[in-house]
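Q: Hey, I have this one open on my screen and would like to talk it through with you. Could you take me around, starting with a sheet?

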Amino acid sequence: MSFLSLLLLLLLFSFLPLSLSQQQPPPPKGILINCGATEESTIDDREWLPDTDFVSGGTSKNLTIPVTVPTLATVRSFPLRLHTKYCFVVEVFRSAKYVIRTTYFYGGVNDGHGSPPVFDQMVDGTFWNVVNTTVDYANNAASYYEGVFVAQGKTMSLCIGSNKYTDSDPFISALEFLIVGDSLYNTTDFGNFSLSLVARNSFGYSGPIIQYPDDQFDRFWEPSRDNDSTVSENRNISVSGFWNVPPLKVFEAALTTTKVQPLVLNWPPASLPNSMYYIALYFADDRNSSSRVFNISINDVPYYRTLNVTPAGACVFATRWPLRGPTKITLTPAVGSDIGPLINAGEIFEVLDLGGRTATRDVIGLSMVKKSLKNPPLVWNGDPCMPRQYSWSGITCSYGPRIRVISLNLTSMGLSGSLSPSIVNMTGLTNIWLGNNSLTGPIPDLSSLKMLETLHLEDNQFSGSIPSSLGDIEGLRELFLQNNNLTGTVPNNLKDKPGLNLRTSGNNFESPPPS
C-alpha cells in the first residue's frame, strides 16, 4: 500500500487525562441568522438576528404548520431562476476558521408543491453541495448542512441557487457562522481546501443531538447505535485536550464487543461519491487493567495498526483518504489483546477544492459600480465570477491563473444612478456596454483601462464633456455616446483616431459632431 503513503497524512494523538472544569463554556462566537424573521430573538440564551441586513432579494414567508424549533417558523424564499444565486453576505474576521451551518425545513411554503425543491448551495466561489431535504421532510425533520471554511477576506457569502432539477422556489430557514479554534482540523490546507461534513456521530449514544453547551463550538454529534454491536454506557471517562476537541459527552458511551472479536461498522451509512475524505475516529477506555489493542482498517485497507486505547484517549485521523461507495470500518483485536475493541465517536468530511476567487481589484470595482447605481441587479452578491455556472448577470469572466472580469454588459437594464470612477480598478475590461439606461453624471476618466476595445454609453443622460483621455486608449475601436446630455466639443484626438467607430449625435455640443 505504498501509494497511500503519498496520498495520506495519518496521525495518532494520545493525551493524558486532565481535570475538567464543569463550568459551562461561553457560547461560540459568530453570527446566527434566523432567515425570514423580521426581528431579533433570544433562543436558549443566544441571540438570533433577522436576515434583512445580510441579503437582498427573496421573500420572507411564515410556515403554516406548527414547529417546535423557533428558527424553523420562517424561511426566506427566492425566485426560481436557473443558475441565479442569491447570497447572504456576512462580515467576518479575515483568516479565521468558521463552521458554517445551513438549516432547511420546507413546511410547504411553495404553494402547490408538496415536496421541497432540490437546489445548490455555495460559499464564496466554492460550490458546496446539492441541498436535498426530501427524505428528512417526509419524516417531519429539518435538514442541516455543515462545513468548515477559512475566511479569505473581510466578508463571506453563503449563496443558494437553482439547478436544472429545481422545480420550485429555493429557500432557507437558518444560517450560522461560528468561529472555531485554530487547532481544529488544522492538518487541512484551508488555503486550497474546505471540509463538508458527511457524518459526525457519537457511537453507542441514543439521546438527543449533542451540541452546545456540551460542544463548545456547537457542532452537532448525532446519536448512533449498531444493533450488531454491544453498547457500553455510563462510563467513567475523564479526558481533555483532545485533538479537534470533541465534547466529553461522546465518551460516556461506546460501541464494543463482548468477546475478543472484530467490531465492524458500516459508517457512514450513505454511499459516498468518489472523492477524498477527512476521517477522524475517537477512542477512550474506562479501564486501566486490560490491554485493549486493535488494528483499524477501512474497506479492508489498513488505516492504523496496534492502537492501544487507554483512559488517556486517542484520536486517529487521515487528512485525505480516498473513498467511494459503501464504507466499512473494521476494528480487529491485535494478537495478545485480552479484550475486544471499542469506538466512541467519529467525524468524516468530504475534502472540497476551493473554487477560486475573482481578482480583488475587480471585486472592489464592481462593488463601487453597484453602490453608484440606484437600482443595481439584485443578484449581484457573492463572488462575481465563481462558481462559473453562477457568475453575475451582465459580466463575462476569464478563467486563467487569475480570474478577471473582462466584459460588463448592462444594456437596457433600466438602471439609474451614475458610473463610478472606480470602474477603472477593473483593468481587464475589454468591453463596457451600458446603453439604453437612465445613467446620469459625468463620464469618468477611463484611460487606465488599457485593454478597453468598446465603450457603449448611448441613450442615457450623461452630462459634462467627453474626456479627451479616452483618445489615449490605444485599442479603443467603438465609442458610442449618442443621445445623452453631453456638452462642449468632441476632442480632436477622438475625431482623428484611426479605426475608431465614433458616434456622438443627439447631444448638446457647441459645434456639430461628425456624421
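This is a predicted model: local features need pLDDT of at least 70, side-chain atom pairs count only at pLDDT 80 or more; totals for chains, interfaces and linings use all residues.

**A walk through the model**

Q: How many bridges hold strand 21 and strand 24 together?

A: Five bridges, in the antiparallel sense, between strand 21 (residues 293-298) and strand 24 (residues 329-333). If you want one to click on, Asn295 has Thr332 in strand 24 as its bridge partner.

Q: Nice. Let me zoom out: how many helices and strands are in the chain?

A: The chain has four helices and 37 strands. Its C-alpha atoms fill a box of roughly 100 × 55 × 40 Å along the principal axes. There are 515 residues, and 53% of them count as buried.

Q: And what share of the contacts comes from residues 24 or more positions apart?

A: That share is 67%, taken over the contacts in the chain with a separation of 6 or more.

Q: Back to strands. What does strand 7 pair with?

A: Strand 7 pairs with strand 12 in the antiparallel sense, over seven bridges. Across that pairing, Cys87 stands opposite Cys159 in strand 12. Strand 7 (residues 85-91) is mostly covered, with five of its seven residues buried.

Q: I've got Thr155 selected. Where is it found?

A: Thr155 is found in strand 12, which covers residues 155-161. With a relative accessibility of 39%, Thr155 counts as partly exposed. Beyond its neighbours within four places in sequence, Thr155 is in contact with Val89, Val90, Glu91, Val92 and Asp124. Its C-alpha atom is 16 Å from that of Gly355, 200 residues away along the chain.

Q: Switching to rings. How many aromatic pairs are there in the whole structure?

A: A search finds 22 aromatic pairs. One of them is Phe78 with Tyr86, a stacked pair at 4.9 Å centre to centre and 20° between the planes. Phe78 and Tyr86 are both buried.

Q: What about Tyr278 and Phe317, why is that pair called stacked?

A: Their planes are at 15°, with the ring centres 5.8 Å apart, so the pair counts as stacked. Tyr278 lies in strand 20 (residues 272-283) and Phe317 in strand 23 (residues 314-325), so this pair ties together parts 39 residues apart in sequence. Tyr278 is buried at 0% relative accessible area, and Phe317 is buried too, at 0% relative accessibility.

Q: Which residues do ring pairs link into a cluster?

A: That cluster takes in Tyr104, Phe105, Tyr106, Phe119, Tyr137, Tyr145 and Phe171.

Q: And which ring does the charged end of Arg101 sit over?

A: The charged end of Arg101 sits over the ring of Phe220, 3.8 Å from the centre.

Q: What is phi like at Asp45?

A: Phi of Asp45 is near 65°, a positive value in a residue other than glycine. Asp45 lies in the loop between strand 3 (41-43) and strand 4 (46-50), and is exposed, with a relative accessible area of 74%. Asp459 has a positive phi too, of about 60°. Its loop runs between strand 32 (454-456) and strand 33 (461-464), and at 32% relative accessibility Asp459 counts as partly exposed.

Q: Last one: is Arg404 buried or exposed?

A: Arg404 is buried, because its relative accessibility is 13%, below the 20% cut-off. Arg404 sits in strand 28 (residues 403-409). Its side chain makes a polar contact of 2.8 Å with that of Asp362. Other contacts of Arg404 beyond its sequence neighbours within four places include Cys385, Cys397 and Met426.

Terms used
Residues are numbered from 1 along each chain as its sequence is written. Side-chain values use heavy atoms; hydrogens and water are left out. Helices (H or I, at least four residues) and strands (E, at least two) are DSSP runs, numbered from the N terminus. Buried means under 20% relative accessible area, exposed over 50%, partly exposed in between (1.4 Å probe, protein chains only). A polar contact is a pair of N or O atoms within 3.5 Å; within protein, one must be able to donate a hydrogen and the other to accept it, and residues adjacent in sequence count only if both atoms are side-chain atoms. Contact means heavy atoms within 4.5 Å. Two strands pair if DSSP finds at least two bridges between them. Rings of Phe, Tyr and Trp (its six-membered ring) pair if their centres lie within 6.5 Å; planes under 30 degrees apart count as stacked, over 60 as edge-to-face and the rest as tilted. A charge sits over a ring if NZ of Lys or CZ of Arg is within 6 Å of the ring centre and within 35 degrees of the ring normal.
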